[in-house]
Amino acid sequence: MFHFLDISQFSLQKIEQLLQRALEFKTDQSYPSYAHYTVAHLFYENSTRTRVSFEVAAKKLSMEVINIQVQHSSERKGESIEDTLLNLSAIGINICVIRHAQNGLPQLMAEKVGDKIQLINAGDGINAHPTQALLDFMTIYENKPDFSQLKIAIVGDIRHSRVANSLQKLFSLIGIKKLILVAPEIWQPPQVLFGESTTSLQEGITDADVIIGLRVQHERLQDNEHINLEMYRSLYCLTEEMLFYAKPDVMIMHPGPLNRGIEMTDEVANGSHSFILKQVKNGVFMRMAILESLTNNH
Ligand code: CP
């Protein structure tokens with residue numbers, strides 16, 4: 001594996017290998033050193049979890065980390081992203097973790113830069129967020145390892161969610177009992193990659209083992225895709241009352257950032273079923289596994 005771009009590039013064996021390595025990193029007290037590697041973060045969209053957990057992951061592996069301030073970079077003087085990457089390579093950067101609002105941008109850049117610098121997709125537009133899907137996989141595995149028996153519901157703005165896309169691809173590869181995508185009509189996906197969709201929250205979460213809430217992606221909505229947030233809240237906000245429809249040990253997850261009171265109530269987000277901060281913690285170890293995998297080039 002030279003670049004890490006999309007779940008569709010991986011075999012089930014590779015996914016399981018990354019999972020096992022991430023689990024090892026979580027229990028290990030010491031880590032191998034990749035001090036000869038330098039990682040750059042090139043984030044054209046805001047981030048807290050992904051950028052910081054990549055930084056912590058790289059530092060645990062003794063890698064050098066450079067955080068590029070895009071607003072102060074030469075991109076603002078007209079330099080293309082391809083030229084930026086080639087220059088970073090010339091400076092000695094080995095791996096660039098990139099996030100961009102344009103669908104397919106990391107994939108396009110990977111074709112352009114070839115083997116000069118390794119790229120990790122940290123989220124591209126509404127297309128893919130593969131590292132988030134893998135850390136979600138790890139979090140579910142730790143608690144409900146028999147995926148063949150799981151009903152998983154993804155709830156919210158499915159249409160604009162790169163997380164939902166990557167999770168559909170991942171669950172298709174792993175094989176789960178049922179995946180159901182829950183969204184109001186206007187935020188239904190143009191194409192269901194795996195599973196089925198419904199507009200009914202009650203139908204979607206009934207007997208669910210895992211419920212993954214999604215952020216309302218205000219910044220990606222077209223003019224005709226806005227809905228009344230009060231109506232959305234009344235129909236789709238996960239409340240303690242709604243959780244009664246799910247399995248008694250249902251896992252509540254959310255990739256973040258969370259709009260409290262819109263996607264779920266404080267009681268649900270902070271409650272005993274919530275795995276939201278465990279997802280964030282696992283993000284460090286899964287990203288260590290991904291970074292190490294790139295150093296091995298397989
Ligand atoms: N889940 C996620 O991508 O969060 P950030 O936008 O904070 O990185």
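Reply: On a 1 Å grid over the protein atoms alone, a pocket is an open set of points with protein on both sides within 12 Å along at least five of seven lines, a cavity is a set where a 1.4 Å probe fits but cannot get out, and lining residues have an atom within 4 Å of a point. Points join across faces, edges and corners, and the volume is the space filled by probe spheres on them. This is a predicted model, where local features need pLDDT of at least 70 and side-chain atom pairs pLDDT 80 or more, while totals for chains, interfaces and linings use all residues. Residues are numbered from 1 along each chain as its sequence is written, and side-chain values use heavy atoms, without hydrogens and water.

Me: What volume does the second largest pocket have?
Reply: The second largest pocket is lined by 13 residues, and those nearest its centre are Arg260, Ala269, Ser274, Ile276 and Leu277. The volume of this second largest pocket is about 220 Å³.

Me: Which helix supplies the largest share of the lining of the second largest pocket?
Reply: Two helices (DSSP runs of H or I, at least four residues, numbered from the N terminus) have to be considered here. Helix 10 (266-270) and helix 11 (276-296) each supply at least two residues of this lining. The largest share, four residues, comes from helix 11.

Me: How many residues lining the second largest pocket are nonpolar?
Reply: Ala, Val, Leu, Ile, Met, Phe, Trp, Tyr, Cys and Pro count as nonpolar, Asp, Glu, Lys and Arg as charged, and the others, Gly among them, as polar. In the lining of the second largest pocket, three residues are polar and three are charged, while the nonpolar residues number seven.

Me: Which residues are closest to the centre of the largest pocket?
Reply: The largest pocket has a volume of about 400 Å³. Of the 22 residues that line the largest pocket, the closest to its centre are Arg99, Arg162, Arg215, Gly256 and Pro257.

Me: How many polar residues are in the lining of the largest pocket?
Reply: Helix 2 (49-60) and helix 6 (162-174) each give at least two residues to the lining of the largest pocket. When this lining is sorted by class, four residues are nonpolar and seven are charged, while the polar ones number eleven.

Me: Which helix gives the most to the lining of the largest cavity?
Reply: The structure holds one cavity of 30 Å³ or more, and about 50 Å³ of space lies in the largest cavity. Its lining is made up of Arg49, Ser53, Gln132, Leu135, His254, Pro255, Ile276, Gln279, Val280, Gly283 and Arg287. Helix 2, helix 5 (130-143) and helix 11 are the elements that each give two or more residues to this lining. With five residues, the helix that gives the most is helix 11.

Me: How many charged residues are in the lining of the largest cavity?
Reply: By class, the lining of the largest cavity has four nonpolar residues and five polar residues. The charged residues in the lining of the largest cavity number two.

Me: How many nonpolar residues are in the contact of helix 3 with helix 4?
Reply: Ile81, Glu82, Leu85 and Leu86 in helix 3 are in contact (heavy atoms within 4.5 Å) with Leu105, Met109, Lys112 and Val113 in helix 4. Among the residues of this contact, two are charged and none is polar, and the nonpolar ones number six.
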